Amino acid sequence: MKSRTIRKIYIGLLFVLLIILLPMFFGMPEQAFEKTLILAFGVDKTADEFELSVQVMVPQSSQSGYSEKREVRSDKGKTIDEAMAKLQLKEGKELAVAHANILLIAESAIEDDINIILDYFVRDRNVGYLTVATTPNNAKELLEISSQESFDKDSLLRLVSFNNENIYGTESTLNKILFGYYSPSKTSLVSRLMSSQGGESDGGQGSSSSGGTTGGDALMGIEGGDSSSSGGESTSKSGQESGQQSQESGGSSQQSGSEGSSGQPSGEQSAGESSGGGEQSGQSSGQNNGNGTQSNSQEKKELGNDGSIAVLKGGKIATILDPLAYRGFHWLMPIKQSSFIRLENITDEIFDNATIIIDITNAKDKIKYEMTEDGTPIIKFKTMLTYQISSVQEDNFSVDKYAEFTEDSSKVIKLALQQLIDTEVQKALNTSKEYQIDVWNVYDKFYQKYGNKFINYVDNNEGDYLKDLEIFVEVNVKEDKL
Amino acid sequence: MNGEIMIKDITGRQAIILVAIVMCATKFFILPSNLLSTGGQDVIYVMILFFVVEFLLFLVLVQISMMHPDKTFYELLAGSVGTIVAKAVYILFFVFFMLKLCINIIETYSFFLGTLYDDLSPILYLLPILFLVFYMAYIGLRSIGRSAELLWIFVFFGLLMTIIVAIPNADFGYMLPIFPQGTSDALSALSNNALWFGDYLVYLFFFGKIKFEKGYFKKMAIVSGVVLALIVFFMMLFHCIFPYIASMVHYGVSDITHITVHITNIGQLDWLNVTMWTFATLIQTVIFAYCAEECLSSIFNIKSKAVSCLIVLAILVAGLIAFDFKLIQMLDFVQGPIRYIVFLLILIALSVIAVHYIYNLRHNKQNKKNKPMKTKYVGVRYEKSNN
């Protein structure tokens, strides 16, 4: 056949294709008739059933324009798949999941294993990139609050991602959680969101307000320079136990200073029983970042992130870290977003019992993972912090004093910071050992360096590789005067 | 020559671009997940060794192609080991390229389905793709080369952007330790996915069709080396981003950018990468279709390109129907014993060195017999000059 003839045939075929395909597209119904767009998922557990809630977008067009109303639909099932199938039947449309960006899971629903829930979302190839958060309240209730007009469609996501990106740097995504779940450490960190009703407990269902939370600071859980004063338990178990522990931890928060005490969300009892999040320590953060807390004055319902982190071990909540407790872990993490530190009781030639608030502007860390001759794993953490003095609070502070601020004061600040960081890191280490949570991913680091030698060590210690772990902290500081 | 002048199909630059694209196009979809979920970081070290061997072999092939600028691979084979052996080798290559075509089309379809669409009819996807692929394969290597020359910049930019965006998420510590549990898992992972390798073998079908330019060998060596290094680096990135969950991540090229939180806040940049990467997969598919058609023409002496294209198309559609357009069914088959065809073909490619010497030996003897030497353009492609 001649080349020209073939070309003609091909062009002819192209037209035939167009004739066949084009009318199909013209005849297609509106997507809104066939699909319902899901924006967020919520999972609760009642008795032995999961309740799957979805926040859906309901597009409405009128003469005045186009609006997007959000509504929450839910159904129950023995598994997430079953609940989803029932929801679809009820909706009469395909539920399009590709636009969903957040999955809220009630903490009561993860009593067995979070993977029972996550597995559905991993396997559905249409589910996009999900951020995951747990809530001590009812996930459905949170979705309903965020569906109100006063919240935009991404408010839930922003509440998590702002904290992740600007405060604590803890990525709480589906991939990250699964990474922790399937890693040898079996430890994952998950952000928490909570709701409350204008600062009152919700319906008197027995929720305990987090005692002593005084304006948990979204900047940090700021603690006094005298680190010994911050003693006490700053972590707590989830669920019912947490109620008791929160009394203690709340107490410790009060000790750690009026400005910086952390919120203690773990004071709330397990979700499902309570929707009251207690007083939201994130209120001040809302002022700071515009995301921390949003409220609806009519309903008095609030949505917040107090910076607490749920630590999962093997898919179950091992403990909940308040921001202050989490800061101890945070020092050894590569990204240090949190930056404001309050040093109290600074006394030297210039200052007399002053409180100095410093802003860490840069941190260069060196972390060495070593095994001693007798096989004990140790971590040598050395950090070079660059700081700026954010404010000085002292009774008789004057401009002259500021001018006198000399190198000696830097030494005092260095000492105070060294003490503070060391104490916080050691506390975090103790928490790790107590709950056997490997937040620092110590297993991987030692395995990467020592290979089978470390595996043997783990085997000899029946899997408890954190038992003898020691951390040595060395802090160097430099003032950034620019 | 009766008003005919000899025209080479592609320039050296086009050949380099084509080889570069074909080498990497579908290695970034499901291959990283398949390899790394079973072999861990060790598979990357084994792959580096494998690539070194492949690279050296490829350079030998390039050198031989330059020594026989007017001989196609088939002519070389037939001229040295006889037409029967040449046809047998081409049958193997035909099977290889048909499998590659099936892999490409089903994998790309799954990729689109998993990243861009909620629902995508295989028929609607197949009709325009096959139409385009076989039209390009029909009109020949020159058009494919020109298209590649136009599109390579998008492909390169897409890959570069993917890598740069993903780097901050990687913890390269996960490349250690090296071979803690031996090499068996890594070797088995590599062997199971052998059909995703050996793409450079398409170069054999460029023999006698390249207009060599100055510095061609050097450029080809650098570009192919860089491409292989990029593939290794991409695998490293993938492993260091998803060290324990590689099996849950389906499509490397879109997922390693998708995970970047900062990016997702400003929109799905991975879709841009996906779109740009489409060009690479398209060119690769066309090249495989072209090579399959060349094999078929040579085996059965089919003169009409249109006929051989249609036969290849029919076989391909039959294959796709047999796999029911399902990735999992295709994987079951291509990870079975059929995968050893790649190793066989690599051995055949290696034997091209022997073929080259046998051909030279015979040719020299013939030249001595037929003095004075006559210029004979055996089997070289000619096209009528437009002038």
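In strand S15 of chain A, A:Ala354 is the bridge partner of A:Ile346. Residues are numbered from 1 along each chain as its sequence is written, while chains are lettered from A and ligands numbered from 1 in the order in which they are written.

**The sheet of chain A**

Helices and strands here are DSSP runs numbered from the N terminus, with at least four residues of H or I for a helix and at least two of E for a strand. Two strands pair if DSSP finds at least two bridges between them. The opening bridge belongs to the antiparallel pairing of S14(A) with S15(A), which runs over 5 bridges. On S16(A), A:Phe381 is the bridge partner of A:Ile367.

The two pairings can be set side by side:

| Strands | Sense | Bridges |
|---|---|---|
| S14(A) (residues 340–346) and S15(A) (residues 354–371) | antiparallel | 5 bridges |
| S15(A) and S16(A) (residues 377–393) | antiparallel | 16 bridges |

S15(A) and S16(A) form a hairpin with 5 residues between them, and in the turn A:Gly375 has a positive phi of about 90 degrees. Step back, and 4 strands make up an open sheet of mixed pairing, in the order S14-S15-S16-S17 of chain A. S14 and S17 (470–479) of chain A stand at the edges with a single partner strand each, so one side of each has no neighbour in the sheet. From one strand to the next, the twist averages 40 degrees.

**Chain A as a whole**

Chain A has 14 helices and 17 strands. Of its 482 residues, 48% count as buried, which here takes 20 or more other C-beta atoms within 10 Å of a residue's own; 12 or fewer make it exposed, anything in between partly exposed, and the C-beta atoms are placed from the backbone. Contacts are pairs of residues whose C-beta atoms, placed from the backbone, lie within 7 Å. In chain A, 76% of the contacts with a separation of 6 or more link residues 24 or more positions apart.

**Where the chains meet**

Turning to the interface, 21 residues of chain B are in contact with 23 residues of chain A. On the chain B side, the elements giving two or more residues are helix H6 (122–139) and helix H11 (261–266) of chain B. H6(B) supplies the largest share, 5 residues. By class, this side of chain B has 14 nonpolar, 6 polar and 1 charged residues. Nonpolar covers Ala, Val, Leu, Ile, Met, Phe, Trp, Tyr, Cys and Pro, charged covers Asp, Glu, Lys and Arg, and the others, Gly among them, are polar.

**Helices of chain B**

H6(B) also packs against helix H13 (residues 305–322) of chain B, at an angle of about 145 degrees and with the axes 10 Å apart. Such axes are lines fitted to C-alpha atoms, for helices over the stretch in contact, and angles run from 0 to 180 degrees between N-to-C directions. H6(B) contributes B:Leu130, B:Phe134, B:Ala137 and B:Tyr138 to this contact, and H13(B) contributes B:Lys305, B:Ala306, B:Cys309 and B:Leu313. Their classes are 7 nonpolar, no polar and 1 charged.

Why is helix H4 (residues 73–81) of chain B largely enclosed by the rest of the structure? Because 7 of its 9 residues are buried, including B:Phe73, B:Tyr74 and B:Leu76. B:Gly82, which follows H4(B), has a positive phi, near 95 degrees.

**Confidence**

The model scores ipTM 0.80 and pTM 0.81. pLDDT, the predictor's confidence in each residue from 0 to 100, averages 75 in chain A, where 73% of the residues score at least 70. Chain B has a mean of 87, with 90% of its residues at 70 or more. In chain A, the lowest confidence is in helix H8 (residues 240–255), at a mean of 36, and the highest in strand S5 (residues 102–106), at 94. Over residues 198–297 of chain A, pLDDT stays under 50. Where pLDDT is low, the predicted coordinates should not be read in detail.

Terms used:
Predicted model: local features only at pLDDT ≥ 70, side-chain atom pairs only at ≥ 80, totals over all residues. Contact = placed C-beta atoms within 7 Å.
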